[in-house]
Amino acid sequence: MGRVVMYSSVSVDGFVADENDQPGPLFDWLSSGDVPLDESGELKVSQTSYDYTRPYWDQIGVTIVGRHVFDMTDGWDGKPPGGIDHVVVVSHRPMPEGWDPGAPFHFVDGVEAAVAKAQELAGDRMIEVAAGDVGGQVFAAGLVDEVRMDVVPVVFGSGKRYFGSVHAQNLLEDPDVVIQGNRVLHLRYRVRR
C-alpha cells in the first residue's frame, strides 16, 4: 500500500488559512520562481522547489479532503486538482445534488473509511491527506505515515490550524528533508511509531 502523507502549505505559526478561511500569502511561493511546476504555466517555482515538489506530486494517486474544502473549491468542477486520479471526500452529507456520479470523487463518512477507500483506489501510489480538521483526525487516528509542510514566512496569529483540533502530543522523527526554496521551507517528517 502507498504511504499516507499529511500535507499543506503552512504559516510559521502553524495555520493553513486565516480566520476568514483565506490562505493569504501561503501559496505565493508557487509563483515566486521561473520554473513551470505544471502544464498550466501559472505555477512557477524555483528550481529547488521544483526538484522537490514535482516528484512528490507525481507520486500522489488519491487526495483526501473534508467536505469544507470540497465546498470551498466547488469540487474543482469534477476534475481532481493537479492531475490526481481520485479525491476522497470525508462528509456526513451525501454528494451535492446534480453532482456527476461518474466524476472520480468518492464520498465517505469518517476518516477510517476515507483512508480505506483511498488505499483501495491508490494501490501502491501515495495518498495525500489535506492538512486541517480532517487531516488532524487522520493523524490522531494513527493513519498518517509522514507529515510534509511547506512553511511560508508569514505569521497569521490565528486561523485554521495545520493539525486541526488535535490536542494530544505526538512525536515525529527528525526531519529527513529540509529544503529552502523562494519564500518557502519544504519539510518532511516521518511519524514515529
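Q: What should I know about the model and its numbering before we start?
A: The model is predicted, so local features need pLDDT of at least 70 and side-chain atom pairs count only at pLDDT 80 or more, while totals for chains, interfaces and linings use all residues. Residues are numbered from 1 along each chain as its sequence is written, and side-chain values use heavy atoms, with hydrogens and water left out.

Q: How many aromatic pairs does a search of the whole structure find?
A: The search finds 9, where rings of Phe, Tyr and Trp (its six-membered ring) pair if their centres lie within 6.5 Å, and planes under 30 degrees apart count as stacked, over 60 as edge-to-face and the rest as tilted. One of them joins Phe70 and Phe105, edge-to-face at 5.9 Å centre to centre with 65 degrees between the planes.

Q: Where do Phe70 and Phe105 sit in the chain?
A: Phe70 is in helix α2 (residues 67-72) and Phe105 in strand β7 (residues 105-108), 35 residues apart; helices (H or I, at least four residues) and strands (E, at least two) are DSSP runs, numbered from the N terminus.

Q: Is Phe70 buried or exposed?
A: Phe70 is buried, at 2% relative accessible area, given that buried means under 20%, exposed over 50% and partly exposed in between (1.4 Å probe, protein chains only).

Q: Switching topic, which side chain makes a polar contact with Ser9?
A: That of Trp29, at 3.0 Å, a polar contact being a pair of N or O atoms within 3.5 Å, where within protein one must be able to donate a hydrogen and the other to accept it, and residues adjacent in sequence count only if both atoms are side-chain atoms. Ser9 is found in strand β1 (residues 4-11) and is buried, with a relative accessible area of 3%.
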